[in-house]
Amino acid sequence: MAPKSDSAEAIVLNFVNEQNRPVNAQNVADALQKFNLKKAAIQKALDNLCDGGRISFKEYGKQKIYLARQDQFQIPNNEELNQMKEQNADLQKQLEDRKKAISDVEAEIKSLQSNLTLEQIFEREVNLRLEVQEMEEKLNKLRGGVTLVKPEERKAVEDMLSEMVGQWRKRKRMFKDLWDTLTENSPKDPKEFKEELGIEYDEDVGVSLQSYNDLIQHGKKRPRGK
């Protein structure tokens, strides 16, 4: 007589047949915890199933190993095996195609998420239009000869520049006098002595005092208010 479908024996029998591999009582108990079956009940069910010929077992010392009855399973012939292999290959291909389709959709979603929304695009457009309008107004003022820098601010900058260049010129002259005195009677080559001390001339660092003098003179010649 077959065990009831909700009985411990039916649950254990169904598990052993589905696994179709060697298991012991502990394996079955661990796997069937969701059914709230105690190990003692599972052991009793296994023993009853063996006694009834529903499953088979082998003893290895003190441990019993339980197996599903193999005569209940239909063994496929070579033709059926080949068909199963073809079906498996077809299913594998379908799986890969599905995975690729999912990956493409995920990539598209990620791309869409990284793009601006319609509202953000409109807001960006408004800001850019305002920036362009502001720059055009400045450009029109420059074209019309309107002074964007106040005369007093310009003079303050020019005076500061003149002061700095004057200090530069003065210190350059003081260094030249000192350097000429040091190297006049020195046995060392002035160029080697300069490198030894780590001294750099203006041209060594790409600056020119004359270019700043020219800039100041150009500013003085330029009409005020332009």
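**Figure 1. A salt bridge joins the side chains of Asp159 and Lys155 in the predicted model.** The distance from N to O in this pair is 2.8 Å. Both Asp159 and Lys155 belong to helix α6, which covers residues 151-184. The two residues stand 4 residues apart, or about one turn of the helix. Asp159 has a relative accessible area of 40% and is therefore partly exposed. Lys155 is likewise classed as partly exposed, because its relative accessible area is 46%.

**Figure 2. Lys93 and Asp97 form a salt bridge through their side chains.** Here the N to O distance is 3.2 Å. Helix α4, made up of residues 78-114, contains both partners. Lys93 and Asp97 are separated by about one helical turn because they are 4 residues apart in this helix. Is Lys93 buried or exposed? Its relative accessible area is 51%, so Lys93 is exposed; the cut-off for this class is over 50%. Asp97, at 41% relative accessibility, counts as partly exposed.

**Figure 3. The side chains of Asp104 and Lys100 meet in a salt bridge.** The nitrogen and oxygen of this pair lie 3.2 Å from each other. Asp104 and Lys100 are both found in helix α4, with a spacing of 4 residues, about one turn of the helix. Lys100 is exposed, because its relative accessible area is 53%.

**Figure 4. Four glutamates, Glu131, Glu134, Glu136 and Glu137, form a negative surface patch.** One of these residues, Glu131, is located in helix α5, which runs through residues 118-143. How is Glu131 classed by its accessibility? Its relative accessibility is 44%, so Glu131 counts as partly exposed. A residue can join such a patch only with over 30% relative accessible area and no salt bridge. The value of 44% for Glu131 may be read beside this cut-off of 30%.

Key:
Residues are numbered from 1 along each chain as its sequence is written. This is a predicted model: local features need pLDDT of at least 70, side-chain atom pairs count only at pLDDT 80 or more; totals for chains, interfaces and linings use all residues. Side-chain values use heavy atoms; hydrogens and water are left out. Patches are made of residues with over 30% relative accessible area and no salt bridge: like charges are joined within 9 Å, nonpolar side chains (Val, Leu, Ile, Met, Phe, Trp, Tyr) within 5 Å. Accessible areas come from the Shrake-Rupley method with a 1.4 Å probe; for residues, only the protein chains shown count as cover. Lys and Arg count as positive and Asp and Glu as negative; His and the chain ends are not counted. The place of a charge is taken as NZ of Lys, CZ of Arg, CG of Asp or CD of Glu. Buried means under 20% relative accessible area, exposed over 50%, partly exposed in between (1.4 Å probe, protein chains only).
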